[in-house]
Amino acid sequence: KKKLGSDASWEAICDSGKMRGAQPKFNHILSRTFLRPRDVIQFLNEALYTAKSRDEEPLIFINEDINGARSSYSDYLKQELDDEVKAHWKEWDEALAACSKSETITFTKDIFTKNYRKMKSKENKLSAEQALEMLYRFSIIGYETRLGQGGSGWAFRYINSAAKWDPSASRFKVHLGLKEYAQLKEERA
């Protein structure tokens with residue numbers, strides 16, 4: 001095994017190509033994690049596994065490696081969330097399935113409520129509103145928020161722990177790390 005020297009940098013192990021939308025590869029990775037070191041390491045390990053399958057030297061990450069890592073990383077993130085969420089809410093899969101049924105990474109409260117009512121089991125005691133709040137609490141979803149100067153953004157608890165739940169929110173976004181697991185598509189602007 002070859003080790004990187006002390007002068008190693010991200011640029012030395014990654015090509016200069018940008019991901020879709022001119023996003024740097026590392027930002028693409030970070031946007032799919034909860035910014036925890038273990039999540040970033042797991043994503044990089046998945047990308048390394050993909051890169052090694054090309055059997056090329058020098059081994060550097062290309063877009064296909066990053067894209068190829070997303071599905072297995074998404075499965076990993078779902079398992080991590082199972083460990084964290086099921087202790088508080090055993091039926092959380094039903095809420096994720098309701099998000100998934102929307103087919104897009106963003107959805108409205110009305111669509112979620114309609115889907116959740118169809119997915120909800122008798123054992124699940126949470127209303128659609130309570131389910132959304134729990135999904136937000138665990139950063140599975142974020143809600144659309146208005147920014148200054150007329151723009152909008154997404155409030156996710158893992159990014160800003162001071163951002164409280166907004167019961168009046170009407171548009172939501174599933175965390176990008178779950179996109180592949182939930183089989184969601186991103187809307188094109």
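Let me start with terms. Helices are DSSP runs of H or I with at least four residues, strands are E runs of at least two, and both are numbered from the N terminus. One caveat: this is a predicted model.

With that, take Asp55. Asp55 sits in the loop between helix 2 and helix 3. Its phi is near 50 degrees, which is positive in a residue other than glycine. Is Asp55 buried or exposed? The relative accessible area of Asp55 is 70%, and the cut-off for exposed is over 50%, so Asp55 counts as exposed.

The peptide bond joining Glu57 and Pro58 is cis, with omega about -5 degrees. As background, most peptide bonds are trans, and most residues other than glycine have a negative phi.

Now Leu35. Leu35 is in the loop between helix 1, residues 25–30, and helix 2. At a relative accessible area of 47%, Leu35 is partly exposed.

On to the core. How many residues does the largest nonpolar core have? The number is 45. Those with the most contacts inside this core are Trp89, Phe112, Tyr116, Leu135, Ile140 and Ile141. Which elements give two or more residues to it? On the helix side, they are helix 2 (37–52), helix 3 (63–85), helix 4 (92–101), helix 5 (109–119) and helix 6 (128–137). On the strand side, they are strand 2 (141–146) and strand 4 (171–174). Helix 3 gives the most to this core, with seven residues. In general, nonpolar side chains in soluble globular proteins tend to be buried together.

Zoom in on Trp89. Set aside neighbours within four places in sequence. Trp89 is then in contact with Ala95, Tyr116, Asn124, Leu126, Ala131, Met134 and Leu135.

Last stop, Glu186. Glu186 lies in the segment after strand 4. Its relative accessibility is 25%, so Glu186 counts as partly exposed. What does Glu186 touch beyond its neighbours within four places in sequence? Its contacts are Arg20, Arg32, Ile105, Leu176 and Lys179. Two of these come with side-chain polar contacts. The Glu186 side chain pairs with the side chain of Arg20 at 3.4 Å. The Glu186 side chain also pairs with the side chain of Lys179, at 2.9 Å. One more distance: Glu186 and Lys173 are 13 residues apart in sequence, and 9.9 Å apart from C-alpha to C-alpha.

That's my tour.

Definitions and conventions: Residues numbered from 1 in each chain as written. Predicted model: local features only at pLDDT ≥ 70, side-chain atom pairs only at ≥ 80, totals over all residues. Heavy atoms only, no water. Core = buried A, V, L, I, M, F, W, Y, C linked by side-chain atoms within 4.5 Å. Buried < 20%, exposed > 50% of the residue type's maximum accessible area, 1.4 Å probe, protein only. Contact = heavy atoms within 4.5 Å. Polar contact = N/O pair within 3.5 Å; in protein donor to acceptor, adjacent residues only side chain to side chain.
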